[in-house]
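Student: I'd like a close look at one part of this model, the metal site. Please take me through it together with the stretch of chain around it.

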Amino acid sequence: MPQPKKKTSHQKQAQRRANWKLELAPKTTCANCNSPKLPHIACPGCGYYRGRPARRRDWLLSE
Ligand SMILES: [Zn+2]
């Protein structure tokens, strides 16, 4: 197996990792309450997915 000739310095390691970024989450808006939500996931605000309630019924009744 080929081996690195030199140990990577802490500075080089930090310079490489300075480019690590969190990916921006793709955002959509809820068709029911118009709040921002993640795609393919029920709305965290109203619990609706594709125009109808997608969470358990006892969650809706407890509101
Ligand atoms: Zn909603």
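**The metal site and its surroundings**

Tutor: Happy to! The protein has a mean pLDDT of 83, and 87% of its residues reach 70 or more; pLDDT is the predictor's confidence in each residue, from 0 to 100. This is a predicted model, in which local features need pLDDT of at least 70 and side-chain atom pairs count only at pLDDT 80 or more, while totals for chains, interfaces and linings use all residues. Residues are numbered from 1 along each chain as its sequence is written, and side-chain values use heavy atoms, with hydrogens and water left out.

First, the setting. The protein has 2 helices and 4 strands, in the order α-β-β-β-β-α from the N terminus. These are DSSP runs numbered from the N terminus, with helices (H or I) of at least four residues and strands (E) of at least two.

Now to the zinc ion. Its ligands are the SG atoms of Cys 30, Cys 33, Cys 43 and Cys 46, at 2.1 to 2.3 Å. Donors here are N, O and S atoms within 2.8 Å of the metal (3.2 Å for Na, K and Ca); water is not among the atoms, so sites may look incomplete. Along the chain, the donors are spaced C-x2-C-x9-C-x2-C. The arrangement is tetrahedral because the 4 donor atoms subtend angles of 105 to 117° around the zinc ion.

The cut-offs are under 20% relative accessible area for buried and over 50% for exposed, with partly exposed in between (1.4 Å probe, protein chains only). As background, buried residues make up 8% of the 63 residues in the protein.

Cys 46 sits in the loop between strand 2 (36-37) and strand 3 (48-49). Its C-alpha is 9.1 Å from that of Ser 35, a residue 11 positions away in sequence.

Lys 37, in strand 2, deserves a look as well. This lysine counts as buried because its relative accessibility is 11%. Beyond its neighbours within four places in sequence, Lys 37 touches Pro 26, Lys 27, Thr 28, Thr 29, Cys 30, Ala 42, Cys 43 and Pro 44, a contact being heavy atoms within 4.5 Å.

Finally, the backbone. Most residues other than glycine have a negative phi. Asn 34, in the loop between strand 1 (28-29) and strand 2, has a positive phi near 65°. His 40, in the loop between strand 2 and strand 3, also has a positive phi, of about 65°. Asn 34 is exposed, at 58% relative accessible area, and so is His 40, at 71%.

Note on methods
Tetrahedral: all angles 85-135°; square planar, octahedral: opposite > 155°, others 65-115°.
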